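Here are a few notes to read alongside the model. Take them one at a time and look for each feature as you go.

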Amino acid sequence: SHQTIYNNYLFDVETHIPFLAWTVLPYFGALFWSFMIPLFVESRQHLMVILSVNGIGFLFNTFIWVMTPVSYPRPQLRFEDPSLTEYLYQSLIVIDTPLNSFPSEHVTLMAILIWVASAYSGKLKWFFIFLGVCGILSVFTTKQHSLVDAIAGCLAMFIGYILVIIYVHSL
């Protein structure tokens, strides 16, 4: 399979976003909490909708990854005596290769976290919305994705949502 490596900055503002190793903390935090969503859902039907949206979003992303694999160029970094966040970032780039960066599954998961949190009336609503937004912003400051990758990741969530709503209403 042919892997395309390109600079997918379509917007000049992206070239001005600094690399901030410490933002790996909200990156991992939001990713962790996006997997904890089922713990906060009280209705089985609501949980099925969320899991269906997630599944459709993942299939959408996977289809694009298979059809047009894209690799995001990450900065080559060498840390002398790395701090905890720099160590976590080094672990991130070992675990999560830059292959198939478009669309961003991380942003799809974080968009689902924001969507679910916005419907939640509990005390932690704004915490999870804030965490999801910080998680999305961190994909830029950790140089994991471009704005185009993130927009496509959000689009995957919206496509999943629309298809699930159409299906649920057609029952």
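What percentage of the 171 residues in the chain is buried?

1. Buried residues make up 40% of the 171 in this chain. Here, buried means under 20% relative accessible area, exposed over 50%, and partly exposed in between (1.4 Å probe, protein chains only).

2. A word on the source: this is a predicted model, where local features need pLDDT of at least 70, side-chain atom pairs count only at pLDDT 80 or more, and totals for chains, interfaces and linings use all residues. Residues are numbered from 1 along each chain as its sequence is written, and side-chain values use heavy atoms, with hydrogens and water left out.

3. Now find helix α2 (residues 44-67) and helix α4 (residues 105-119), whose axes come within 10 Å and cross at roughly 160 degrees. Axes are lines fitted to C-alpha atoms over the stretch in contact, with angles from 0 to 180 degrees between N-to-C directions. The angle makes α2 roughly antiparallel to α4 (over 145 degrees). Residues that meet here include Phe58 and Trp65 from α2, and Leu109 and Trp115 from α4.

4. Finally, look at Ser138 in helix α5 (residues 125-141). Ser138 counts as buried because its relative accessibility is 1%. Leaving aside residues up to four places away in sequence, Ser138 touches Thr23, Pro26 and Tyr27, where touching means heavy atoms within 4.5 Å.

Notes:
Helix = DSSP H or I, 4+ residues; strand = E, 2+ residues; numbered from the N terminus. Parallel < 35°, antiparallel > 145°, perpendicular 65-115°, else oblique.
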